[in-house]
Amino acid sequence: MADKNQKNIIALNQELMRIASIVANNEKEAAFLIEETKKEALNAIIPIKSERRLLKLLAKQVEKLPSAGQYYPVQNKFLNGLRKVDKQGRLLLVLHYYKGYSIQKSARIIGYSEKEAKQMLMDALLQWTSSQTGADLQQLKQQLHKELAYIDVEEPPEVKRPFHIKRFASIITFLLVLLIGGAGSQALKAKAEVNPGIDIMELYKESIKQEEALDEVRAAIENAGYQDVYFSVDSNAEYAYLEIEGKDNEAKQEEIKSLVEAEMQKRNIDFFMETNFYIPEESPPMEEVEMDEETAISNEILEKINNQLSKKIMDKFEVNSNLFYPLFVSWSTDAWSIEIPEEIGKKQEAEDITQAILDEYKDDRKLFVEEYRYKDHEQTYTWGNVIEYINSALASSENYTFKALFADPDDGVMKFDVRLYLLKTDKDAEVIAREVKRSITRFLETSEIKEITEDNPYEIIVRDNKNQEIDTD
């Protein structure tokens with residue numbers, strides 16, 4: 001048991017170090033973030049029971065992070081581009097695109113309203129994508145996920161550091177509470193003692209019930225006539241969040257809180273509720289910036305390319321209204337980049353139309369026309385919530401230490417790549433890997449999930465801490 005506890009401690013330390021190393025500009029800042037977050041966690045009045053609460057503590061340290069010099073460029077151009085974003089924007093990108101939190105949940109973590117977080121994310125994306133010539137947002141998101149997952153961090157030595165010698169017992173207590181806590185986790189543990197693997201369907205059904213209860217509470221708030229009031233929960237942490245916004249609600253805070261508490265009690269939502277009130281600052285009017293000639297002409301060309309391609313090659317392509325428009329056109333000082341669905345089969349025609357427009361403007365920049373599978377994007381959208389349930393179940397399991405889950409469509413097949421904090425040489429590695437694969441398979445083969453995923457094919461690979469595949473046959 002002690003050996004397992006030590007692995008869990010190392011795993012959580014590594015994730016904190018990994019995120020801090022991206023958010024900070026250099027090693028000194030990263031060390032400050034890690035040390036101060038740990039101090040806050042150990043001194044918390046209410047025990048830390050979820051990763052999200054730990055990330056909230058990290059966000060507080062990012063906000064008050066003192067300047068510790070310029071950032072150190074790294075060999076990886078992608079990460080250097082990310083570091084052009086300010087630290088809070090960087091953390092928001094990591095929370096949303098690496099950890100997979102919704103905008104609403106990410107906003108709660110960094111301590112902003114959902115509206116403010118959306119604006120921050122837009123600003124961060126503009127800074128981030130402007131340094132990535134020829135890359136679309138989907139590619140950047142996937143690359144961010146992979147880059148952070150592959151960042152190597154040193155495992156802390158067992159006895160050499162004074163911090164670990166002096167406060168080892170406290171750290172064990174804190175991290176065990178973080179790993180074990182939560183009613184959902186306890187339910188999964190009890191289930192695992194009877195059946196091999198996790199019952200992900202049980203988590204799925206509980207989540208559906210909880211979402212229905214949350215919708216009812218939100219409807220009660222709306223029916224009472226309150227506006228700019230936001231309610232959400234973190235079931236693993238047994239925490240509820242009530243955000244009240246605007247001057248109109250300032251005198252109504254107590255009555256809103258009483259209403260929500262009563263509605264929670266009716267539905268047996270027995271969580272600690274954190275209430276926040278704020279009045280958003282009015283944004284100053286945006287100043288008109290005079291556009292330089294290159295930008296003005298490039299935007300004119302871009303509009304013409306978009307119109308011509310939409311009319312001549314995209315007009316009969318069936319688009320899922322819930323997804324993005326499938327044509328991407330972008331430019332840089334050196335090149336033009338076009339991306340179209342390969343299902344259309346008109347790459348050469350798209351290239352000819354675009355080149356004719358560039359010739360018309362005597363634009364000699366390079367032209368790149370690429371194809372991508374639109375069906376893969378549709379499949380990602382279809383599988384979205386299913387992947388989230390699997391991810392939550394694995395993260396809350398006490399049978400093994402979960403590292404990351406990658407799920408990407410490849411030629412119509414959804415490929416799951418599960419990473420665990422264990423080594424291929426561990427004597428129980430294959431047993432654990434089979435259990436993980438069996439749990440996911442059992443969930444995906446239920447009639448409820450097949451209906452959601454349209455019974456699309458899938459593959460599951462389980463890897464160890466060094467990204468080596470573990471035999472599950």
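This is a predicted model: local features need pLDDT of at least 70, side-chain atom pairs count only at pLDDT 80 or more; totals for chains, interfaces and linings use all residues.
Q: How is a pair of packed helices described?
A: Two packed helices are described by the angle between their axes and the distance between the axes. Axes are lines fitted to C-alpha atoms, for helices over the stretch in contact, and angles run from 0 to 180 degrees between N-to-C directions. Helices (H or I, at least four residues) and strands (E, at least two) are DSSP runs, numbered from the N terminus. Here, the axes of helix α3 (residues 51–63) and helix α5 (residues 87–98) cross at roughly 160° and come within 9 Å. α3 is therefore roughly antiparallel to α5. For such words, angles under 35 degrees count as roughly parallel, over 145 as roughly antiparallel, 65 to 115 as roughly perpendicular and the rest as oblique.

Q: Is the crossing of α3 and α5 left-handed or right-handed?
A: A crossing is left-handed if the near helix is turned anticlockwise from the far one by less than a right angle, and right-handed if clockwise. α3 passes α5 in a right-handed crossing.

Q: Which residues make the contact between α3 and α5?
A: Contact means heavy atoms within 4.5 Å. On the α3 side are L55, L58, A59, V62 and E63, and on the α5 side K87, Q88, L91 and L95. In this contact of α3 with α5, six residues are nonpolar, one is polar and two are charged.

Q: At what angle do α5 and α6 pack?
A: The angle between α5 and helix α6 (residues 103–110) is about 140°, and their axes are 9 Å apart. That makes α5 oblique to α6. α5 passes α6 in a right-handed crossing. L91, L92, L95 and H96 of α5 meet I103, S106, I109 and I110 of α6. The residues of this contact are six nonpolar, two polar and no charged.

Q: How far apart are the axes of α3 and α6?
A: These axes are 7 Å apart, with an angle of about 55°. α3 is therefore oblique to α6. R52, L55, K56 and A59 of α3 touch K105, R108, I109 and I110 of α6. Four residues of this contact are nonpolar, none polar and four charged.

Q: What is the strand order in the sheet that holds β8?
A: Two strands pair if DSSP finds at least two bridges between them. The order is β7-β8-β9, in an open sheet of three strands with mixed pairing. β7 (402–410) and β9 (458–463) are at the edges with a single partner strand each, so one side of each has no neighbour in the sheet. Strand β8 (residues 413–420) runs parallel to β9, joined by six bridges. F416 has I460 in β9 as its bridge partner. Helix α15 (residues 374–396) packs on this sheet, touching β7, β8 and β9, and its direction makes about 165° with that of β7. Helix α16 (residues 429–444) lies across β8 and β9, at about 155° to β9.

Q: How many aromatic pairs does the structure hold?
A: Rings of Phe, Tyr and Trp (its six-membered ring) pair if their centres lie within 6.5 Å. The structure holds five aromatic pairs. Y204, Y389 and F443 form one aromatic cluster.

Terms used: Residues are numbered from 1 along each chain as its sequence is written. Side-chain values use heavy atoms; hydrogens and water are left out. Ala, Val, Leu, Ile, Met, Phe, Trp, Tyr, Cys and Pro count as nonpolar, Asp, Glu, Lys and Arg as charged, and the others, Gly among them, as polar. Rings of Phe, Tyr and Trp (its six-membered ring) pair if their centres lie within 6.5 Å; planes under 30 degrees apart count as stacked, over 60 as edge-to-face and the rest as tilted.
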